[in-house]
Amino acid sequence: MPRLVLAAMLAWFAAGTAADRVEPRASIGGLPAHAAAALDEIAGCQLSPSGAFLIFDRRAHAVYRFTKGADAPRKIVQIGSETGRIIRPTAFDVAPDGSFAIADAPGDERRVQLFTEAGSPAGGFVMQGPPVPLITLGDVALSGLGTLEYTGRSILMSQPDTGAVVTEYGLNGAPLRAFGELRPTGQERDRPVHEALNVAIPVPAPDGGFFVVFVSGVPLFRKYDAAGTLLFERHVEGPEVDGYLRQMPKTWPKRRSGGGEIPLVPSIVRTAAVDREGNLWISLVAPFTYVYDARGEKQRTVQFRAAGIIAPTGLFFTRDGGLLATPGCYLFPAAL
């Protein structure tokens with residue numbers, strides 16, 4: 001074999017395996033321990049432009065604000081079913097201007113509410129139809145409203161029951177557009193399962209496009225441009241997902257709901273986010289995070305370590321190059 005060809009093959013092999021080597025990352029800060037200890041379940045933690053922590057506590061049905069040097073987090077959104085309060089919340093996201101959105105479920109409604117950074121109500125709307133759990137993450141059932149992404153101008157959701165992977169809404173609840181064909185699943189005859197296997201996390205990218213990460217079934221992601229045109233699709237591959245693929249069922253258990261029977265489909269992906277350079281970070285149910293560049297090529301396998309190894313349920317990239325991860329709201333270096 002010619003030496004140049006052999007050298008090229010060895011270089012390719014080394015590059016391919018480097019992405020699968022696990023890179024440990026240790027916490028370098030984050031929410032102070034005394035503040036974290038005052039909360040029940042940190043399901044989301046992001047920084048506002050002013051530098052304050054905005055913390056979503058799912059178990060307490062509340063949002064807290066914590067500023068550096070404070071004695072304790074201050075509750076800015078209370079539990080309750082009335083407007084301006086939240087009950088059975090499922091999703092939380094902060095816009096670049098510091099305002100935030102929360103999806104919750106008062107009674108049989110699906111609701112999205114908007115708040116200022118200080119926690120004052122700033123609008124919202126009620127979705128049509130009852131909440132339908134499609135994906136399970138441990139003992140938590142997630143609906144399409146578990147994948148809310150708030151840009152400050154619009155809200156992106158995964159609602160495969162509409163026939164599209166992503167639906168974008170205006171801040172008044174008016175549908176603006178839908179894009180992305182449902183992926184083939186082999187379960188098209190069982191519509192609820194087919195839709196469950198098409199639940200995804202939509203994530204805006206710095207170039208104006210979107211990554212869409214499917215959270216169950218065969219793990220893969222797509223990249224769309226700003227107009228919603230599919231650019232490429234990539235499988236999520238690595239030794240950490242091999243066991244999941246080998247054990248992936250052909251049928252799923254169901255449970256009774258107000259609208260009939262619904263399937264319980266386990267998730268393989270916990271969360272996903274895009275950093276300021278356009279790299280896609282996908283955190284698995286197993287405590288590993290895969291990092292892909294803007295072209296969809298795998299770059300890293302990262303494992304986060306704070307008070308032990310953590311499996312992130314939320315990722316937020318700070319303006320100064322850090323990465324906040326929940327649970328715990330720990331800070332990690334984000335640079336590749």
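Guide: Two strands count as paired if DSSP finds at least two bridges between them. The model discussed here is predicted.

Visitor: How many bridges join β29 to β30?

Guide: These strands belong to an open sheet of four strands with the order β2-β31-β30-β29 and antiparallel pairing. Strand β29 (314–317) is an edge strand, as is β2 (29–30), and each of them pairs on one side only. Leu315 stands opposite Ala325 in β30. The two strands run antiparallel, and the number of bridges joining β29 to β30 is four.

Visitor: Is strand β5 (residues 62–66) enclosed or open, and how many of its residues are buried?

Guide: In a regular strand the side chains alternate between the two faces of the sheet. On one side of β5 lie Ala62, Tyr64 and Phe66, on the other Val63 and Arg65, and all are buried. The strand is therefore largely enclosed by the rest of the structure, the buried residues being five of the five.

Visitor: Which residue in β5 is the bridge partner of Phe56?

Guide: Strand β4 (residues 53–57) runs antiparallel to β5, and five bridges join them. Their hairpin has four residues between the strands, and His61 there takes a positive phi near 55°. The bridge partner of Phe56 in β5 is Val63.

Visitor: Which residues does the disulfide join, and how many residues apart are they?

Guide: A search of the whole structure finds one disulfide. The link is between Cys45 and Cys329, with an S to S distance of 1.8 Å, and both residues are buried. With -45° about the S-S bond, the link is left-handed. Cys45 lies in strand β3 (residues 42–47) and Cys329 in the loop between β30 (322–326) and β31 (330–333), so that distant parts of the chain are linked, 284 residues apart.

Visitor: Which residues touch the most other members of the largest nonpolar core?

Guide: Elements that give two or more residues to this core include α4 (239–247), β24 (269–274) and β25 (280–284). Beyond its neighbours within four places in sequence, Ile282 is in contact with residues including Val213, Phe221, Val269 and Tyr292. Apart from this core lies another, of 14 residues, among them Leu39, Cys45, Ala60 and Ala62. In the largest core, of 22 residues, those that touch the most other members are Phe221, Val269, Leu280 and Ile282.

How values were computed. Residues numbered from 1 in each chain as written. Predicted model: local features only at pLDDT ≥ 70, side-chain atom pairs only at ≥ 80, totals over all residues. Heavy atoms only, no water. Disulfide = S-S within 2.5 Å. Buried < 20%, exposed > 50% of the residue type's maximum accessible area, 1.4 Å probe, protein only. Core = buried A, V, L, I, M, F, W, Y, C linked by side-chain atoms within 4.5 Å. Contact = heavy atoms within 4.5 Å.
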